[in-house]
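Reader: I am new to this structure and would like to understand the words used to describe it. Could you take me through them with care?

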Amino acid sequence: MDGDIEQKSTTVECPHCNTRVQIAPENLGRVHRCQCGGEFRAPEGNPKRPLPSPRNAAPRLSPKWRAIAVTILGFVVLIAVTKLVKEIRWHNAMMNPAAPIIGPPRERSIGELIALLADEDPDIRFRAVRELGDKGEPAIGPLVRVLRSDDAKTRYNAARALVRVGEPAVPALIKALTEDDRAPAGWVAWALGEIGDSRAAEALLGEFEKHAAAASSTGGPSAGTRPQDPDERKRHRTTADNIAKALGQVGATEASYALMMAVGTIDDGLDRTIAKALEEIGPSAVPVLQENLWHLGPEARAVILDVSTKLGAPLPEEDLMRLLGSEEHDVALTAARDLVSRGDKRALPVLIKAIEEDWPDRVNAAIKLLVELGDARAVPVLIGALGHEKHGVRTEAADALAEFGHADAVEPLVEALKDTEGYVARRAARALGRIGDRRAIEPLKQALEVDDWEINAAASVALGMIAGTEAIPLLIDELDKGNSTASHAARKMLEHMGADAAPALVSALSDEREQVRTHARSALGNMKSDAIDALVAGLEGANPDARVSIDQLLVHQRDDPRAAAAIEREGGVRMIHRRASARNAARNEGERRRGQ
């Protein structure tokens, strides 16, 4: 870059920060330190570009990038050290610690590896599982015997190793499932499911019927005696759950009927597992399910409808409408969900009925389906739901009314702003903002006075959405609520308003409240080019502190010609930095004196 040679000094540009520096004639050819901390050798004469001094021959990283580079290097070193420590632990676990780490590893026996399945170090357990799996068929027998271990961790890792062995382990696992009473059926079934071999379907089905019957309060899908011990019954239920998953993984179509027979006999958790297993079995299960639609209980009918829809095989319309009129809430709601997915308005009466009659634990689901259906006839019942005794329902109703955006909901939502549950009041404020009716302005202003920052934040955003620039003074006042949700929400809304809010934010730089000044600076900085005209105009008549803030904000936007021209009028970047430093020094001195 060209130096501007004058009679008494030479102007050169710092190669580190591009700041122009005046060099006296007697200092030409010497090392000069810039205010940025970088050093360069001032040229003699009028060279093309000043050369950095030897100590700064390479471009210097800023402190921020230096910290980032050090952090990245630290992570790389940490990963390398962690890997080395793992290798040393594995070496010490498998070999004589005195043996050299570098060199060909010795062959480890199956017994040695099995002993490590219970090691406290998870990395050693993982590597033992991997090596046992790689040994293949010779490891199958010992691993199956290890499944009888009393240690849950050892059983789990043995099952993982058998999964790694793969299909060769299937016959031994089937034998363990059906003939070995000491092997835990749950872990054996898990391994068979992960392998996914269809040869296991028959054995898994027989075990599922046995354990489901033992866990069922009604005897289950096949005859059985209900165990008296609750712990024993819980074990059977967990095993039945694992086997149901495995039946889905192996694609056991022949298990479809038995799975459906178990729905509703134990608990909702097993019902969900069975539904997922039927989905994994796929379309081949659909004929069996639909043929037995009216031969099974209401819980099973709901599962059949749900699975059929997900597999792309919807029920005939006659069956669907019959299910929609069911007295069983789950069945009727599942049928309504199917209709809603098609945009069929015939689901509306059932969904309204679910809310009006307060179907237990089904109201929120009905509200969500009404939103998805999008029929405005649902608005009155949603307004009524704002008075529900459960705050979760009131919250869901407020969100739903926001989606509909109906003017009839404004007054009820205004009342919901006074809800004793702050969460409901916040959602009501957001809904009013989405609807955009000016009747909500005064109530929202009152919500700004509530002693709840979350409600203040929601009200700020809603006011900005409804009142626009009229809300700016209120939002400026909200900036004084410290580092809270309310002040951040107000600042974000002011930033969103862009150039319309910029003049008020520039004026706020002179506000006597420190938090207002801080948030105003941040908002103006985030607005970038939208704030430049207001910043330039604000220079005139600004107090010294505000002037320093405006200058610094303009420096950050100096690529814009408007900001560059204003900086030039202010004496350049160097002069702005000097004024900022002087102002900070004066402020610090004042604080020191007040502290004395």
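Reader: What makes helix α5 roughly parallel to helix α7?

Author: In this predicted model, the axes of helix α5 (residues 152–165) and helix α7 (residues 185–195) come within 9 Å and cross at roughly 25°. Axes here are lines fitted to C-alpha atoms, for helices over the stretch in contact, with angles running from 0 to 180 degrees between N-to-C directions. Angles under 35 degrees count as roughly parallel, over 145 as roughly antiparallel, 65 to 115 as roughly perpendicular and the rest as oblique, and α5 is therefore called roughly parallel to α7. The crossing of α5 past α7 is right-handed, a word used if the near helix is turned clockwise from the far one by less than a right angle, and left-handed if anticlockwise.

Reader: Which residues make the contact between α5 and α7, and how do they divide by class?

Author: On the α5 side the contact is made by Arg155, Tyr156, Ala159, Arg160, Leu162 and Val163, and on the α7 side by Trp187, Trp190, Ala191, Glu194 and Ile195, where contact means heavy atoms within 4.5 Å. By class, the contact of α5 with α7 has 8 nonpolar, no polar and 3 charged residues; Ala, Val, Leu, Ile, Met, Phe, Trp, Tyr, Cys and Pro count as nonpolar, Asp, Glu, Lys and Arg as charged, and the others, Gly among them, as polar.

Reader: Why is α8 called roughly antiparallel to α9?

Author: The axes of helix α8 (residues 201–215) and helix α9 (residues 230–249) come within 8 Å and cross at roughly 150°, and that angle makes α8 roughly antiparallel to α9. The crossing in which α8 passes α9 is left-handed. Among the residues that make this contact are Leu204, Leu205 and Phe208 of α8, and Ala240, Ile243 and Leu247 of α9. By class, the residues of the contact of α8 with α9 divide into 12 nonpolar, 3 polar and 3 charged.

Reader: How do you know that the buried residues of α30 line one face of the helix?

Author: In helix α30 (residues 561–569), Ala563, Ala566 and Ile567 are buried, a word for under 20% relative accessible area, with exposed meaning over 50% and partly exposed what lies in between (1.4 Å probe, protein chains only). Seen down the axis of α30, these buried residues fall within an arc of 100°, so they line one face of the helix; the arc is that of the directions from the helix axis to the C-beta atoms. Pro561, Glu568 and Arg569 are exposed on the other side of α30.

Reader: Why is aspartate 358 counted as partly exposed, and where does this residue lie?

Author: The relative accessibility of aspartate 358 is 34%, and therefore aspartate 358 counts as partly exposed. Aspartate 358 lies in the loop between α16 (348–356) and α17 (363–373), and its phi is near 55°, a positive value in a residue other than glycine.

Reader: What makes alanine 128 buried?

Author: Alanine 128 has a relative accessible area of 0%, and is therefore buried. Alanine 128 lies in helix α3 (residues 122–135), and its C-alpha atom is separated by 9.6 Å from that of alanine 158, 30 residues apart along the chain.

Reader: What do the numbering and the values rest on?

Author: Residues are numbered from 1 along each chain as its sequence is written, and side-chain values use heavy atoms, with hydrogens and water left out. Local features need pLDDT of at least 70 and side-chain atom pairs count only at pLDDT 80 or more, while totals for chains, interfaces and linings use all residues.

Notes. Helix = DSSP H or I, 4+ residues; strand = E, 2+ residues; numbered from the N terminus.
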